[in-house]
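Reader: I would like to learn how to read the packing of helices and the pairing of strands in a model. Could you take me through one, feature by feature?

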Amino acid sequence: MVSIPSGPACLARAATLCAAALACLALTACFRASAPAHFYVLAEPPVLAVPAGSRDQAAGVPPRMGPRVGIMPLSLPGYLQRPQIVVRQGDNVDIRREDEHRWAEDLGEGMSRVLGAAMTNSLADIQGVVMPLRTGVPVDLRVQVEARRFEGSPGGEVFLDALWSVQRDGKTLREGHFAARHRAGPGMASLVEAHSILLEKLGTELAAGVRQVLASDS
């Protein structure tokens with residue numbers, strides 16, 4: 001005859017095993033329920049000209065010989081320095097990170113890329129070109145941007161609030177404050193598109209600041 005262990009120690013052991021089994025089942029369910037992440041990039045306007053001698057110059061595309069402007073690394077608030085897209089409803093203080101919707105590149109670098117393209121197009125008549133500032137690349141002017149807010153929600157408004165300055169040799173020659181909003185359609189892709197549109201508008205304002213500096217030189 002086989003005896004079955006009993007008593008408090010046996011019951012405690014059984015309870016521990018049951019708890020472990022339930023935890024494993026819950027963890028498995030979480031992994032099965034997690035959706036794949038979607039990745040997004042900011043859309044830049046097409047640029048039809050590039051700096052003279054650039055390795056990225058396409059065949060048949062004329063180079064630009066005008067002033068060169070370098071965009072310094074953008075300053076972003078801490079809550080935007082992450083791969084997840086941040087969503088906020090209007091002026092609500094409650095924000096959330098979308099783990100299933102992420103930036104495919106560093107947000108600051110993506111913003112610089114779009115601003116550079118937008119500014120280059122705005123300076124086409126004087127053959128100006130704008131690019132992210134790189135070590136060893138000579139530039140005539142530098143642009144610094146501090147984004148204080150850059151988020152919104154699908155179906156709501158996206159906000160961009162930024163301080164900017166145009167500099168030469170460490171001296172600020174022009175500065176300004178950009179604040180604008182744009183209505184996004186439903187869905188995350190439309191939200192990212194609204195982000196891109198606002199950056200193009202900021203790029204146009206930055207280009208105007210560069211023009212003012214160049215005009216004061218002449």
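**Helices and sheets, step by step**

Author: The crossing of α2 and α3 is right-handed, and since this is a predicted model, please take every value that follows as computed.

Reader: What angle and what distance between the axes describe the packing of α2 and α3?

Author: Two packed helices are described by the angle between their axes and by the distance between those axes. Here helix α2, residues 107-122, packs with α3 at an angle of about 50 degrees, and the axes lie 8 Å apart. The two helices are therefore oblique to each other.

Reader: Which residues make the contact between α2 and α3?

Author: From α2 the contact takes M111, V114, L115, A118, M119 and S122, while α3 contributes S196, L199, E200, L202, G203, T204, L206, A207, V210 and R211.

Reader: Let me turn to the strands: in what order do the three strands of the open sheet stand?

Author: As a general idea, strands of a sheet pair through backbone hydrogen bonds, and they do so in either a parallel or an antiparallel manner. In this model three strands form an open sheet in the order β1-β6-β5, with mixed pairing. The edge strands are β1, residues 38-40, and β5, residues 84-88, each of which pairs on one side only. Direction ignored, neighbouring strands of this sheet are turned by 60 degrees against each other on average.

Reader: How many bridges join β1 to β6, and how many pair β5 with β6?

Author: Three bridges join β1 to β6, residues 95-103, and these two strands run parallel. Within that pairing, H38 has H101 of β6 as its bridge partner, and Y40 stands opposite W103 in β6. By contrast, β5 and β6 pair in the antiparallel sense over five bridges, and there I85 has E98 of β6 as its bridge partner.

Reader: In what order do the five strands of the other open sheet stand, and which of them are at the edges?

Author: The five strands follow the order β7-β4-β8-β9-β10, and the pairing is again mixed. At the edges stand β7, residues 129-132, and β10, each with a single partner strand, so one side of each is left without a neighbour in the sheet. On average, neighbouring strands of this sheet are turned by 25 degrees against each other, direction ignored. Helix α3 packs on this sheet, where it touches β4 (68-71), β8, β9 and β10, and the direction of α3 makes about 25 degrees with that of β9.

Reader: How many residues lie between β9 and β10 in their hairpin?

Author: The hairpin of β9 and β10 has two residues between the strands, and D169 in the turn has a positive phi of about 55 degrees. Twelve bridges join β9, residues 157-168, to β10, residues 171-183, and the two strands run antiparallel. You can follow the pairing from R168, which stands opposite K171 in β10, to E157, whose bridge partner in β10 is R183.

Reader: Finally, which side chain meets that of R88 in a salt bridge?

Author: The side chain of E151 meets that of R88, with a distance of 2.7 Å from N to O. This pair links distant parts of the chain, for E151 lies in strand β8, residues 141-151, and R88 lies in strand β5, 63 residues apart. In total, the count comes to nine salt bridges, for which a side-chain nitrogen of Lys or Arg must lie within 4 Å of a carboxyl oxygen of Asp or Glu.

Note on methods:
Residues are numbered from 1 along each chain as its sequence is written. This is a predicted model: local features need pLDDT of at least 70, side-chain atom pairs count only at pLDDT 80 or more; totals for chains, interfaces and linings use all residues. Side-chain values use heavy atoms; hydrogens and water are left out. Two strands pair if DSSP finds at least two bridges between them. Helices (H or I, at least four residues) and strands (E, at least two) are DSSP runs, numbered from the N terminus. Axes are lines fitted to C-alpha atoms, for helices over the stretch in contact, and angles run from 0 to 180 degrees between N-to-C directions. Angles under 35 degrees count as roughly parallel, over 145 as roughly antiparallel, 65 to 115 as roughly perpendicular and the rest as oblique. A crossing is left-handed if the near helix is turned anticlockwise from the far one by less than a right angle, and right-handed if clockwise. Contact means heavy atoms within 4.5 Å.
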